Amino acid sequence: MGPALTVASMTTPAPIVSATDRRQVRRIVRGEAVITAVMGASLGVAIGVRRLVMRTVQTNEPGRSVALYGALLWLAEQHRLPGRLLEIGASAGLNLQVDRYRYLVRGRPLGDPESPLSFAEPWDGGPVRDPWSVQGTLAIAERRGCDCAPLDVTTVEGATTVLSYIWPDEPERLVQVKKAIELARRRPICVEAAAAARWTKERLAERHTDGLTVVWQSVVYQYLGDAERRDLDLSMEEAGAEASQQHPLAWVTLEPTGDHLSGFELSCRAWPPDATVVLASSGDHGPPVRWYAGASSSDKSSRTIGCPSYSTGATIVPMAVRITQRELRNESGEIMRALDGGESFVVTRNGVAVGELVPLRRRRFVAADAVLAAFKGAPQIDAPRMRAEIDAVLDQASEPRA
Ligand SMILES: C[S@@+](CC[C@H](N)C(=O)[O-])C[C@H]1O[C@@H](n2cnc3c(N)ncnc32)[C@H](O)[C@@H]1O
């Protein structure tokens with residue numbers, strides 16, 4: 001079968017195929033050696049190829065569970081309530097299996113030790129001081145997901161579709177996703193076919209017994225239109241306004257930052273009160289996840305809080321390590337040293353935050369030579385032009401002074 005072969009030179013087209021369809025198929029296959037080879041099979045196959053070419057890319061990356069699992073531990077430590085996990089844009093639902101994977105952290109396993117899928121040392125630092133004890137309090141009572149085009153990996157077609165979106169030069173990811181599929185086949189989770197905003201609104205309207213509701217999304221925001229984003233934000237805010245200590249709500253997002261070079265950002269917006277915390281940065285497909293707080297982050301400077309580009313109306317608060325009254329008493333020496341080193345703490349009593357320990361801001365002397373060296377490569381400033389530009393937008397009037 002030569003690459004010059006096109007649909008036009010093939011067998012009689014099936015009656016269901018319109019002239020427009022044939023033209024489109026011809027356009028897609030012409031010059032594509034691989035697809036024209038497939039075309040040798042039948043026109044039906046060619047049409048199938050066209051359907052696949054037209055699909056948008058739809059990864060489902062279980063490596064992102066590495067970030068989600070930490071976020072769930074962080075929430076579990078605060079609330080100690082059973083959780084309801086709702087994922088939007090869940091694809092095949094592989095991240096809804098989050099607690100059924102194994103995570104090897106500082107040589108000790110977390111999650112399910114028997115899981116076929118294991119992530120070795122995926123964290124830098126940690127979301128909580130002692131994830132091994134906190135995982136005992138993590139209980140996912142319900143897990144549900146939606147997607148506008150859900151994939152079912154219990155079928156050959158669904159599994160092949162998920163695997164087909166992995167780059168061929170990433171064989172480790174291929175192995176990991178196959179293991180996640182193996183687990184999903186043993187413990188299937190049905191992802192509902194629904195649009196993100198509407199489904200979330202419906203789920204949040206359902207009344208439940210006491211428990212934490214976690215809405216989770218990874219790499220979904222960019223696919224939503226403006227109207228759907230607004231509806232989603234509104235549904236979350238309305239449900240947030242109704243949230244209480246018995247029914248807290250958290251919206252955990254793992255999304256690309258505005259700056260493509262700085263990877264992904266894991267954030268949590270939680271009610272009550274309405275506060276957003278940037279928990280970690282991560283790679284596109286999960287590991288490595290660098291926690292901004294926790295017991296042993298090796299890069300303290302990375303705790304700088306960034307503002308998620310898509311968040312509306314939330315307050316960004318610096319992340320503080322939560323400690324119990326008992327920890328404050330028993331580990332006061334270590335806590336004072338950490339405070340001296342710039343760390344902040346929230347002290348809890350019976351799981352409820354009651355106070356903060358925040359370091360005093362000290363003035364730091366920086367030698368003039370160091371400042372000059374730091375600005376050595378800075379661009380030259382045209383002083384008269386800069387003054388003129390400032391004068392164009394500001395004036396010197398001192399009134400009114402509010
Ligand atoms: C890049 S994939 C990410 C999948 C999964 N969250 C992950 O991280 O592996 C984006 C997913 O969002 C889904 N999606 C896009 N627009 C959507 C919408 N309006 N409502 C629900 N799902 C949507 C796509 O079908 C796709 O499965």
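Predicted model: local features only at pLDDT ≥ 70, side-chain atom pairs only at ≥ 80, totals over all residues.

Colleague: What helices and strands are in the protein chain?

Modeller: Helices (H or I, at least four residues) and strands (E, at least two) are DSSP runs, numbered from the N terminus. The protein chain has 13 helices and 15 strands.

Colleague: How many residues are in the largest nonpolar core?

Modeller: In soluble globular proteins, nonpolar side chains tend to be buried together. Buried means 20 or more other C-beta atoms within 10 Å of a residue's own, exposed means 12 or fewer, and partly exposed is in between, with C-beta atoms placed from the backbone. A nonpolar core is a set of buried Ala, Val, Leu, Ile, Met, Phe, Trp, Tyr and Cys residues joined through C-beta atoms within 7 Å. Here the largest one has 68 residues, and A71, L72, V214, A250 and L279 have the most contacts inside it. Helix α4 (residues 65-79) gives this core its largest share, ten residues. Across the 402 residues of the protein chain, 32% count as buried.

Colleague: Why is strand β11 called largely enclosed?

Modeller: Seven of the nine residues of β11 (residues 275-283) are buried, so the rest of the structure largely encloses that strand.

Colleague: How does β11 pair with strand β10?

Modeller: Strands of a sheet pair through backbone hydrogen bonds, either parallel or antiparallel. Two strands count as paired if DSSP finds at least two bridges between them. β10 (residues 264-271) and β11 are antiparallel over seven bridges, with C268 bridged to V277. A hairpin of three residues links β10 to β11. β11 also pairs with β12 (residues 286-291), antiparallel over three bridges, and a two-residue hairpin connects them.

Colleague: Last one: which residues are closest to the ligand?

Modeller: A residue is near a molecule if its C-beta atom, placed from the backbone, lies within 6 Å of it. The ligand has 22 residues around it, with G89, S91, A196, S218 and Y223 the closest.

Note on methods:
Residues numbered from 1 in each chain as written.
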